Structures are given as C-alpha cells and as structure tokens.
Amino acid sequence: MVIELPADLSGDEVLRFIAKLRWWARVNLRRVIIVVASAKGGVGKSTIATELAYCLDAVLVDLDWDDGGASRALGWLHEQRHRSPLLDALDSGRTPRPIRGGASKPDLVPAGPTLEANQPSADRMCKALIQWAADWDRPVVVDTHPGGNAPADGAKAAAHLTVTPTTLGLKQMEALNGFAENHDGYNLMIAPNEIVYQVWADPHLERIAQIAKTYEIPVSSPIPEVKWLRSRKARTAVCSVRTMPASREELITAYAKVAHQSALRALQATEDAA
Ligand SMILES: Nc1ncnc2c1ncn2[C@@H]1O[C@H](COP(=O)(O)OP(=O)(O)OP(=O)(O)O)[C@@H](O)[C@H]1O
Ligand SMILES: [Mg+2]
C-alpha cells in the first residue's frame, strides 16, 4: 500500500500527514533500512536522520562516534554511561533494546565515542543491522560517521536506500560526485540541504542536477536553510510539534516530503528485491 502526499500540504495538515506516515511506516516499512551517509562532514546527516526516523517511527541507530551526533542531540550523554549500547549488542550477539523516544523523539540505539576504536567490520555491521531490523520488525534509520569507515560501509550494504545530503559549495560538490562514483549499484537519493530560495540561480544546484543525471540518482525535495536550527537546544525531533508554528512550517514540510520520498524509494527497493 502506497501513501499519497496530500495536494495541499500546509500548517497542521503537515503534522497530520506526519502522524499518518508514522503509522503507515510501522505497517509497511517493517525491516526496511534507510541509511544517511556522505563523504563530506557537516552536511546535515544527523539532523536529517533524526527527522526521518521520527517521521517514519523508525529505530534510529547512531553509528557516529563524534559528540556532534544524533544521540547527544537527543539527550543521550555518553559521559553518564559506562557502556556503549551498540558495542554491547555487537559483543554479546544480542539485539539491542532501543531507548524509547516517546512522542517527541525517535527510539534510539546510541554508540558513543568508544565505537571509533572498536569499529566492527563492514560485514559484521551489515549482518547485525539486518538481524536487528528483523527482530524489531520495524523500519530502521542509520546515521553514520562521514567519509569511508567500516560501520558506514556495512550500513550502506544493508540499506534499502542510502540518503546522501549535500549542502551547496565547491568541496561539497566534489565530495558528492566522488560519493556517487564510488557507490555505483547502491540505491541512493541525494537530499539538497540548507537551500536558500533567493539564490535561485546557484550554480551548485545545477551541478547537483548534473551529478544526479550522470549517475542516475534521484534528488529529493530541497531542505531550506533555517538559521535557528544551529542554536536549537531542545532535545526533540523538530517534526514532533503538536501545532505548527509559522516559523517552522517550511522546514517541517520539507522533512515530511523527504521522509515520504525516502519511504517510497525504500519500499520500491524491497519490492524489486522480492
Ligand atoms: N537545513 C538546515 N539549516 C540550517 N542549519 C542546518 C540545517 N541542517 C543542518 N544544519 C546545521 O548544520 C550543522 C551540521 O548538521 P549535522 O550535524 O546534521 O551534519 P552532519 O552531516 O551529521 O555532520 P557530521 O558529518 O559532523 O556528522 C548543525 O549545526 C545543524 O544544526
Ligand atoms: Mg553527524
């Protein structure tokens, strides 16, 4: 069953759509794995992974060991823990129990900084994620550390879809092109992030379209740049508001659209594989 995006998506209608998408994904995206990865750091992976996981009511598996990652932003502080839930699960061979996010954040499996020195092989990470998704019987969204590393490689190998965000800039375009080139045969979707609409003729947007065409990669709806996101303190998903504030409508609508597009692409991949 495919879920349609309402023609007129505005205000609280967007929030109703997200509620519906969460319900739909729990029924239709069970065991589906969506990974967020990029060659370049700081392009919005953790933010997008958190919002995608929230909008799809997925378990968020955080494979980034840096402090700027999704777990910390959601309030999980490794300083207060003795152990890494993710490494414990890998060591014991048991499926981790996600930390419940309730109504305002996604359920979470954090890794913490010790993952850096204890990286599992790509093969082990891939098999573990597939097993966990099956045991949870839920959709799974994975955030990754930027660049080439074994956990990210394993996650991409397990993924039905890899969303690769990019911001606009020369280095970002080089990194995006390299990422596309190195991931031939993967099911990718480019997510343009921090887009300023006034800059309608930004040459980097044309470069994204060119890369997308060359490597036959779909491009999601753009995510706007919103300055307040950088200093936001709340440890919740942006999309979890109960009523729509005008100041957030553009951003939340964009995340809802990207989540919807990711869901349909990933679902299609499972059907193609069947
Ligand atoms: N659409 C946006 N508008 C404005 N700021 C944004 C947007 N998306 C992300 N940011 C900000 O950009 C910074 C980097 O975002 P984020 O941590 O999600 O990137 P990342 O790709 O996960 O980084 P890293 O590679 O270090 O893991 C953060 O401060 C975040 O708040
Ligand atoms: Mg990150």
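Because the model is predicted, local features need pLDDT of at least 70 and side-chain atom pairs count only at pLDDT 80 or more, while totals for chains, interfaces and linings use all residues. Residues are numbered from 1 along each chain as its sequence is written, and chains are lettered from A and ligands numbered from 1 in the order in which they are written.

The secondary structure of the protein consists of nine helices and six strands; helices (H or I, at least four residues) and strands (E, at least two) are DSSP runs, numbered from the N terminus. Along the principal axes, the C-alpha atoms fill a box of roughly 50 × 40 × 40 Å. Of the 274 residues, 46% are buried. A residue is called buried if 20 or more other C-beta atoms lie within 10 Å of its own, exposed if 12 or fewer, and partly exposed in between, with C-beta atoms placed from the backbone. Among contacts between residues at least 6 apart in sequence, 82% join residues at least 24 apart; a contact requires C-beta atoms, placed from the backbone, within 7 Å of each other.

Strand β4 (residues 140–144) is largely enclosed by the rest of the structure, because five of its five residues are buried. V140, V142 and T144 point one way from β4, and V141 and D143 point the other way. Strand β4 pairs with β1 (residues 33–36) in the parallel sense over four bridges, and V35 stands opposite V142. Strand β2 (residues 59–63) also runs parallel to β4, joined to it by five bridges, with D62 opposite D143. Two strands count as paired if DSSP finds at least two bridges between them.

In helix α4 (residues 85–92), the buried residues are P85, L86 and L90. They lie on the same side of α4, because they cover an arc of only 135° around the axis, the arc being that of the directions from the helix axis to the C-beta atoms. These buried residues pack against β3 (107–109) and α5 (122–136). The face turned away from the buried side carries the exposed residues D88, D91 and S92. Just after α4, G93 takes a positive phi of about 75°.

Positive phi also occurs in residues other than glycine. R31, in the loop between α1 (12–28) and β1, has a phi of about 70°. This residue is partly exposed, with 16 other C-beta atoms within 10 Å. E194, in the loop between β6 (188–192) and α8 (203–215), has a phi near 60°. E194 is buried, with 21 other C-beta atoms within 10 Å.

Around ligand 1 there are 18 residues, of which G41, G44, K45, S46 and T47 come nearest. A residue is near a molecule if its C-beta atom, placed from the backbone, lies within 6 Å of it. The shell divides into five nonpolar, seven polar and six charged residues. Here Ala, Val, Leu, Ile, Met, Phe, Trp, Tyr, Cys and Pro count as nonpolar, Asp, Glu, Lys and Arg as charged, and the others, Gly among them, as polar.

Definitions and conventions:
Two residues are in contact if their C-beta atoms, placed from the backbone, lie within 7 Å.
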